[in-house]
Amino acid sequence: MSIDFGDRVAIVTGAGTGLGRSHALELASRGAMVVVNDLHHPDADGPSTAESVVSEIQANGGLAIASHDSVATPEGGAAIVATALEAFDRIDVVINNAGIVRDASFAKLGVEAIDAVLDVHLRAAFFVTQPAFVHMKEKGYGRILFTTSGAGLFGNFGQANYAAAKAGVVGLANVLAIEGSRYDIRANVIAPAARTQMNEGLLGELTDALDPELVTAMALYLVSESCEQTGEVYSAIGGRYARIFIGLTQGWFAGVGAQPTADDVAANIDAIRDETDYRVPTDVSTEVEELTALLHGDS
Ligand SMILES: NC(=O)c1ccc[n+]([C@@H]2O[C@H](COP(=O)([O-])OP(=O)(O)OC[C@H]3O[C@@H](n4cnc5c(N)ncnc54)[C@H](O)[C@@H]3O)[C@@H](O)[C@H]2O)c1
């Protein structure tokens, strides 16, 4: 095996079931010490889902510890990171995976459903990742993965709260990629689809094709030492892997000193939208540099 996590410590949130469980098991099978985080469901008999995953890892000779703190509060995020440091003394990998859905069409979306979903997906990404990032900066190494969704990147009826939260983590990853670059900290985003409890009965004829393990292959590459990419988004669905990006078109320049009107924009909307020779900016300076060149008549 060339991708190896020996001596690495990984936190996987929401790892009692579904994709997180699959990520945790595969990380452990490749040598990582894993904090298996998930809520302790109080009505469950016997061990929690996180404890069951830990037992599975230990039965295979791996090292893991359960954490039942919620990702959705600053205290919970700090406690998850503290569990990793107390048990294993370092943190190399964070996979932000925990998630819930509270779907409703936008006109009917209530505040509780907005708050709950933003808390678990977006605010949690800050609460868990920030204390880990501070530690990674000190050590000069880190791999961070956020979990987005096609709903957030492309849109989906009835998921305004979920989509906004899922698009938000892309912005967070963009900045962590920049701020982490000097410390060998890389931050990427995965857009999965898989057969889990979250979408039970919703996948139709694709159900059998959407094994969670097919997503884990991409997730583990993105948190491996050998991953050179940062600030990028990858789709992983049913064995098809692809890059998703935000591009900038060549656009239409009105000219130095021009005062274009809405009518001028309308007249040029096709050129503004034309995808020929688009670029994929890696930070906010791309547009500034391009405008500077246009104003100087360099292009
Ligand atoms: N399954 C898909 O097709 C799909 C598609 C796009 C995105 N995703 C995303 O992938 C991630 C994993 O989803 P899944 O499909 O495996 O669902 P899942 O329901 O099996 O797993 C999510 C886990 O997160 C846990 N969780 C919820 N709130 C938590 C909290 N406050 N603190 C800690 N853990 C919490 C849940 O208990 C659950 O075990 C989610 O972020 C989801 O939005 C999934």
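How many Å separate the centres of domain 1 and domain 2, taken over C-alpha atoms? In this predicted model, the answer is 37 Å. The protein chain splits into domain 1, covering residues 9-244, and domain 2, covering residues 247-299.

The largest pocket holds about 1,200 Å³ of space. Its lining runs to 50 residues, and those that lie nearest the centre of the pocket are Val101, Tyr162, Thr196, Met198 and Asn199. Several elements put at least two residues each into this lining: on the helical side helix 1, helix 4 (111-139), helix 5 (150-154) and helix 6 (160-180), and on the strand side strand 6 (185-193), strand 7 (233-237) and strand 8 (240-244). Sorted by class, the lining of the largest pocket comes out at 23 nonpolar, 22 polar and 5 charged residues.

The second largest pocket has a volume of about 660 Å³. Here 24 residues make up the lining, with Asn174, Gly231, Ile246, Val280 and Pro281 nearest the centre. Two or more lining residues come from each of helix 5, helix 6 and strand 8. Helix 6 is the top contributor to this second pocket, giving 5 residues.

Across the whole structure, the search turns up 1 cavity of 30 Å³ or more. The largest cavity has a volume of about 80 Å³, and 13 residues line it, of which Asn96, Asn97, Ala98, Val120 and His121 sit nearest its centre. Helix 4 and helix 6 are the elements that give two or more residues to that lining, and helix 4 gives the most, with 5 residues. By class, the lining of the largest cavity has 7 nonpolar, 5 polar and 1 charged residues.

Helix 4, which lines both the largest pocket and the largest cavity, also carries Gln130. This residue counts as exposed because its relative accessibility, 58%, is over the 50% cut-off. Gln130 and Pro74 are 56 residues apart in sequence, yet their C-alpha atoms are 9.6 Å apart in space.

His23 tells another story. This histidine lies in helix 1 (residues 18-29), and with a relative accessible area of 2% it falls under the 20% cut-off and therefore counts as buried. Leaving aside residues up to four places away in sequence, His23 touches Val12, Ile95, Asn97, Val215, Thr216, Ala219 and Leu220. Asn97 is also one of the residues nearest the centre of the largest cavity. As for Val215, Thr216, Ala219 and Leu220, they are among the buried residues of helix 7 (residues 212-222), along with Pro212, Met218 and Leu222. The cover over the buried residues of helix 7 includes helix 1, strand 5 (142-147), strand 6, strand 7 and strand 8.

On the charged side, the count comes to 11 salt bridges. In one of them, the side chains of Glu26 and Arg30 meet at 2.9 Å, N to O. Glu26 is partly exposed, with a relative accessible area of 29%. Another salt bridge joins Asp92 to Arg90, with the closest N and O atoms 2.5 Å apart.

Definitions and conventions:
Residues are numbered from 1 along each chain as its sequence is written. This is a predicted model: local features need pLDDT of at least 70, side-chain atom pairs count only at pLDDT 80 or more; totals for chains, interfaces and linings use all residues. Side-chain values use heavy atoms; hydrogens and water are left out. Helices (H or I, at least four residues) and strands (E, at least two) are DSSP runs, numbered from the N terminus. Buried means under 20% relative accessible area, exposed over 50%, partly exposed in between (1.4 Å probe, protein chains only). Contact means heavy atoms within 4.5 Å. On a 1 Å grid over the protein atoms alone, a cavity is a set of points where a 1.4 Å probe fits but cannot get out, and a pocket is an open set with protein on both sides within 12 Å along at least five of seven lines; lining residues have an atom within 4 Å of a point. Grid points are joined across faces, edges and corners, and a volume is the space filled by probe spheres set on the points. Ala, Val, Leu, Ile, Met, Phe, Trp, Tyr, Cys and Pro count as nonpolar, Asp, Glu, Lys and Arg as charged, and the others, Gly among them, as polar. A salt bridge is a side-chain nitrogen of Lys or Arg within 4 Å of a carboxyl oxygen of Asp or Glu. Domain bounds come from an automatic or database domain assignment.
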